[in-house]
Amino acid sequence: MATSATPTEQTWHPYDSLLTHDTLPHRQEFDLIISDAKSTAESRTDFYDRSLTSRRYALVGVACSSIFSFSCIIAGIVILAHRGVLGVTVTNMVSNDPFNAIIQLDLQREILALILNLIVTLCTEPIGFVHSVSLRSALASESRLHFNTNLRLLTAARGWYNPNGALPNCIMAVLLIISYTSSSVILCYNFASDGSNITGSIAIAGLPLLGLGITLLLQVVITLSGMQAVKILTWSSSPFDLTAALIHHAQLNPDAFRCLRCVSNRDVDGGPAKPSEIQPSAWHAHPRIQAAAFYLWGLVAAYAGWAALIMYIWDKHTSIRMTTDPALPAWSFFPNGNPSSITYTIPGLNMQGWTLIFINLAVIQAPLTLGLHYSELIANVIRDESQWRCATGRKGLQVATNPLKSIFAYPTCLVLFLAKPFLHWMFGLTFFVDVLAGDEIVEKFAVGVYTAQIWNLCIALFVFACFFTLFALYRPRGPQPAAYGHIQTLANLVDEWSPVMWWGHKHDQVPYCHAGTSDHPLPDVKMDCVYAGFGAESPASVSS
């Protein structure tokens, strides 16, 4: 099975075989082959799409994120100015039932929390897109860009203080975590009494709202700084526009004799190869895919261990149970006053209390945020390969794509886009952040942890990890070499650039054939032939 993923190759190096002949004509012929390959690629890459539409959409998204962040900052400052650090502002969602107020308001609060998480996702996505494009361009300028898709928070350009360097990237990771943490504690309950009646309502806490606005604004500032620090050749998320741009600007050169070499053979000397019926998976093709998958499964195990720990504490320490009911309840998606929970009070009704709540949530929520960031790598690498494999389809490969298509047209990207707010929302269900206010002033800080809801989150993460692991392990069928967005591999495989491309058999030669791309449909490669690139010559034979 493993051998079928690697094209059959001979013990032959194109440089050695041609240079063993001492005659000058052979050396000149070898140089001519390479120069022809380079000139063909360079002459046909001037059409590449700079994707100014993607730039426009992204910057509009960043502008909307800035407007939302300023709104949060202004609203937070107003609440703090009128009510102080512990101040909240009351919404119109009110319950007059003094006994069931929290239960009645729970559903409304969770709907608002889901909407808020979705808004945070919509704000961070365009910021992340601009940040990833800037980082990609910075790595290309340093000749360190290998794949179209990179982990933007865990990959950095040279220089700690470079806007695309390690320090700003670390700050971006912390700010992203705090963004989702803030959204988890913005909504709280407020109870007011007029002497005879007690009214419960949903309130918005001023300090977390201010924190959300500041973290989003700082992400915008760092992202725009990174964008201004580099020359961006293309805003397209397509690996083909990026490859064409790099070749056109002489930052990348195609390698000769590798027209049938997939990404897993990138460190193997080039030479003739027979087509393979099956290609390597992303798991073996990209060096960080395995780490991403292992992290997702470690996340499932970590949250399962967290749930088991809470169950143990609940069983051993009755004093911190939310109720005295000794029986474990039936399963439920929403907490609904679930008795299988523990609660503990946060000391300090001041900045200390808010700080401890943020630390409590951020420490537990950080692995989830980073896990979803790791998932972006798998989703986008699979997207890049899916786009490349269209080159053997009936409609061919459309090099330029609509910027929104990359989200909604590929299953992995769509699932990830929907999973981000949903999983953060489910994480919010595992906690009961008890910020209780009376007459619009916080009177109590407490945290409740729901065991059943942690298990629900584990189940959701298990399904999520299975989905992305299966895609990472899937091995594409057919002789078309897999690239997974690897820039050098695509430069080697694409020998003719056009807005619509097809890949297949191009030339019959003796002893080696040539496969490549064209602006019209091509026949399938011949499985019994040996391919080494146009004009390649060698007296050696190929082992089968």
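**Aromatic pairs and a strand residue**

Mentor: This is a predicted model, in which local features need pLDDT of at least 70, side-chain atom pairs count only at pLDDT 80 or more, and totals for chains, interfaces and linings use all residues. Residues are numbered from 1 along each chain as its sequence is written, and side-chain values use heavy atoms, with hydrogens and water left out.

Trainee: How many aromatic pairs does the structure hold?

Mentor: Rings of Phe, Tyr and Trp (its six-membered ring) pair if their centres lie within 6.5 Å; planes under 30 degrees apart are stacked, over 60 edge-to-face, and the rest tilted. The structure holds 13 such pairs. Trp297 and Phe462 are edge-to-face, because their ring centres are 5.4 Å apart and their planes stand at 75°.

Trainee: Which helices hold Trp297 and Phe462?

Mentor: Helices (H or I, at least four residues) and strands (E, at least two) are DSSP runs, numbered from the N terminus. Trp297 lies in helix 9 (residues 289-316) and Phe462 in helix 13 (residues 451-473), 165 residues apart.

Trainee: Is Phe468 buried or exposed?

Mentor: Buried means under 20% relative accessible area, exposed over 50%, and partly exposed in between (1.4 Å probe, protein chains only). Phe468 is buried, at 0%, whereas Phe467 is partly exposed, at 25%.

Trainee: What does Val500 touch?

Mentor: Contact means heavy atoms within 4.5 Å. Not counting residues up to four places away in sequence, Val500 touches several residues, among them Lys395 and Asp519. Val500 is found in strand 8 (residues 500-507).
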